[in-house]
Amino acid sequence: MTNPNILVLATGGTIAGKAGSATRHDYRPGQIGIDDYLDQVAGLGLNATLTGKQIANIGSEDIGPEIWAKLHAEISAAIDVPSIDGVIITHGTDTVEETAFLLDLTLPATKPVVLVGAMRPADAVGYDGLRNFANAVRVAGDSEASGRGVLVVMGDRVFAARDVRKARTRGTDAFRGFPRDSIGLVTPSALDWFGAPWRVDEAARFAFTQALPDVPILTVHAGMTPDYVSRLVTGETRGVVVAGVGEGNMPDPVRDALVALAADGMPIVRASRLDEGLVDREPEDDPNRFVAARALNPQKARMLLALLIAEGLTDPSAIQREFDGR
Ligand code: SIN
């Protein structure tokens, strides 16, 4: 696309962070406003017209339903404006996978929506934020991007929201995808997709809601006792995702406590605490009324389960079909 019009929604994070020194390790995310940021970007001479809007300026550990609702409303409005070609969201890297996946599940695949962050603050030596941003502009201005759902651009690579996860605490190559790794390579001057888009013009898969039900994650460890379950689950809890050991396993007494909850109608999803790996159904899942998370990590399984419960789905077989099918 020649000179695409791109809306930039800024939420903060390290891409807008400052340390006050080029070499200091600690820093504060969300220090640079979108207008100042786009002034810096102007110096790059990118082939795009950028319009900025500040949604928040915070670390992404503080992003939740209120900001997701604002982002969803802004992007939905932008999708309806014919003169806007794509949307970029600047975001902290710590929870970018959750925001990306929620938007992926609740937006139509009709215009490019790209999340981007940085691993180093803006005044650090080797700041990666401007390059990642220039790469994101390249992707958001590409007519083939939208048919791949919501995307995350980090470290010269493009990831689909469903696959992407932050895998390292440091370094500019901190992101990985599973089960697919990156689906494209990008630089400020070139974009190579691996394969054809698979969601062209697809409608939103779920209705967005800010009122996401309470779905905590139970991270299993050796020696866990069932009282961890009773301490986690409150009267507000509507479902539980288990970040199990190995392929979604847990000590028998913990399983018994969760089976009792499932028998009372609470959806229980087995995921893995490992960074990569499928959790498939096992024969006991039928009598236990458990759901297998397949390739979704616990934080993404939690997002999908919350949306399904919000839509009124609590039957384990119906929930399993949604985890299998997307
Ligand atoms: C954050 O997620 O806001 C801080 C970390 C980062 O952006 O890399």
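View 1. An oxygen atom of the ligand lies 2.8 Å from an N or O atom in the side chain of T14. This is a predicted model. Two further pairs involve the backbone of the protein: an oxygen atom of the ligand is 2.9 Å from a polar backbone atom of D94, and an oxygen atom of the ligand is 3.1 Å from a polar backbone atom of A118. On its own the ligand has 250 Å² of accessible area, and the protein covers 94% of that area.

**View 2. Residues around the ligand.** The ligand is surrounded by G13, T14, Y27, G59, S60, G92, T93, D94, A118 and K166. Sorted by class, this shell holds six polar, two nonpolar and two charged residues. T14, D94 and A118 are among the surrounding residues. The ligand takes up the space of the largest pocket.

View 3. The bond joining F178 to P179 is cis. Its omega is near 5 degrees. P179 is placed in the loop that runs between β8 (175-177) and β9 (184-187).

**View 4. The backbone at D156.** Although D156 is not a glycine, its phi is positive, at about 65 degrees. D156 is found in the loop between β5 (151-154) and β6 (157-160).

**View 5. The chain as a setting for the close-ups.** Nine helices and 14 strands make up the secondary structure of the chain. The radius of gyration of the chain is 20 Å, close to the 20 Å given by the globule rule for 326 residues, so the chain is as compact as a globular protein of that length. The C-alpha trace spans about 60 × 45 × 35 Å along its principal axes.

Key
Residues numbered from 1 in each chain as written. Predicted model: local features only at pLDDT ≥ 70, side-chain atom pairs only at ≥ 80, totals over all residues. Heavy atoms only, no water. Near = heavy atom within 4 Å. Polar contact = N/O pair within 3.5 Å; in protein donor to acceptor, adjacent residues only side chain to side chain. Areas by Shrake-Rupley, 256 points an atom, 1.4 Å probe, with all protein chains shown as cover. 1 Å grid on protein atoms, 1.4 Å probe; cavity = no way out; pocket = protein on both sides within 12 Å on 5 of 7 lines; lining within 4 Å. Sits in = over half its atoms within 2 Å of the grid points. Nonpolar A, V, L, I, M, F, W, Y, C, P; charged D, E, K, R; others polar. Helix = DSSP H or I, 4+ residues; strand = E, 2+ residues; numbered from the N terminus. Rg over C-alpha atoms; globule rule 2.2 N^0.38 Å.
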